[in-house]
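Work through the exercises below with the sequence and the model open. Try each task before reading its solution.

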Amino acid sequence: MSQLEGFGFVLPHWFYWGWLAVMPLIMMAWDRWTLSRGGQAIDKNALANQKLHEIEAEMSKTIELQYEGNWFTRIVDWVSEKSGVFVSFWTVNAVCFYFFEVVMRYIFNMPTIWVHEASFLLLGMQYLLAGAFTLLHGGHVRVDVIYNFLPVRGRIGMDIFTSMFFFMFALALVITSWTFFENSYSMDERTVETWGIQYWPVKAMMLLGSVLILLAGVSKLVKDIALFVQLGREQRA
C-alpha cells in the first residue's frame, strides 16, 4: 500500500463492489416503503411511457394492440424492467464520487486516484446492463424512413424481419463478452492505474448485460409474432 500513501482516502475494492450491489436495493426498498406509507412512487418512466402510448395510439388508430405474453415473456420483461431500475441508481454514485473528488482536490489539496476510474467503470457497466430495459421500452434508435409509412401490421412485420439482424449482433456480443470475461478472470486482469481494481467483475457485467439484451430480444420477437398473427386474424374476420 506504500504506493497509495499521500492520496488520502482510497476506496477499498470490496466496498466498491458491495456498495454497487446493495445501494440500489436500498433505494428500491425505500421507494416501496414510501409508497406503502401513502407517498408517491418514483416513476422514472412516466414521460417515456406516455410518449410510447401516444405513438402506439397514433399507429393503431382503431386497433387496440394488446398481448399479455406467456410465462417466458413475462419473466424476461420483469427481469429487464428490474435490472434497468436497479442500475439507474448507480448514476447517484457517480455524482457522489465526483463531488468527493472536487472537495478533496480543491479544499484539502488531496486529489484521489480512484474516482475517475470507479465512475467510468460504473457507467460502462450501466450502459450494457440497461440495454434490456431500453429494448423493453422501445428506446433504441430506429431509422423510420420507410417504417412510418407502413400500416400497423406492416410495421410489426418489419420488426420481425429486422430482428434477424438484432440477433446477429446480440449473439456476437454474448460470445465476445464471454471471451473477454474468461480471459480477464484467468489472467486476474487489473486496471493499469494505481487503484488496481480487478477487471473481471466489470466484464462479467458485460456478459450479463448482453445475455439480458438477447433474452429481451427473444421476448420482443415472441410478442411481435403473436401481434402479427392477431392482426391478421382481425383483418380476415
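Contact here means heavy atoms within 4.5 Å. This is a predicted model, where local features need pLDDT of at least 70, side-chain atom pairs count only at pLDDT 80 or more, and totals for chains, interfaces and linings use all residues. Residues are numbered from 1 along each chain as its sequence is written, and side-chain values use heavy atoms, with hydrogens and water left out.

**Exercise 1. The whole chain**

Task: state how many helices and strands the protein chain has.

Solution. Count eight helices and zero strands. Read along the sequence, the pattern is α-α-α-α-α-α-α-α. Next, burial: 34% of the 237 residues count as buried. Last, contact range: among contacts between residues at least 6 apart in sequence, 77% join residues at least 24 apart.

**Exercise 2. The cores**

Task: identify the residues with the most contacts inside the largest nonpolar core.

Solution. A nonpolar core is a set of buried Ala, Val, Leu, Ile, Met, Phe, Trp, Tyr and Cys residues joined through side-chain atoms within 4.5 Å. The largest has 21 residues, and Y16, W90, F97, W114, L122 and W195 have the most contacts inside it. At least two of its residues come from each of α1 (13-36), α3 (71-88), α4 (90-106) and α5 (115-129). The top contributor is α5, with six residues. Apart from this core lies another, of seven residues, including A170, F181, L207 and L214. Finish with F97. Leaving aside neighbours within four places in sequence, F97 is in contact with L11, Y16, W114, V115, A118, S119 and L122.

**Exercise 3. A helix pair**

Task: describe how α1 and α3 pack.

Solution. Two packed helices are described by the angle between their axes and the distance between the axes. For α1 and α3 the angle is about 105 degrees, and the axes are 8 Å apart. Axes are lines fitted to C-alpha atoms, for helices over the stretch in contact; angles run from 0 to 180 degrees between N-to-C directions. The pair is therefore roughly perpendicular (65 to 115 degrees; under 35 is roughly parallel, over 145 roughly antiparallel, the rest oblique). L20, A21, P24, L25 and M28 of α1 meet K82, V85 and F86 of α3.

**Exercise 4. A loop residue**

Task: determine which side chain makes a polar contact with the side chain of E189.

Solution. Locate E189 in the loop between α7 and α8 (200-236). Its relative accessible area is 23%, so E189 is partly exposed. The partner is the side chain of K203, at 3.0 Å. A polar contact is a pair of N or O atoms within 3.5 Å; within protein, one must be able to donate a hydrogen and the other to accept it, and residues adjacent in sequence count only if both atoms are side-chain atoms.

Notes
Buried < 20%, exposed > 50% of the residue type's maximum accessible area, 1.4 Å probe, protein only. Helix = DSSP H or I, 4+ residues; strand = E, 2+ residues; numbered from the N terminus.
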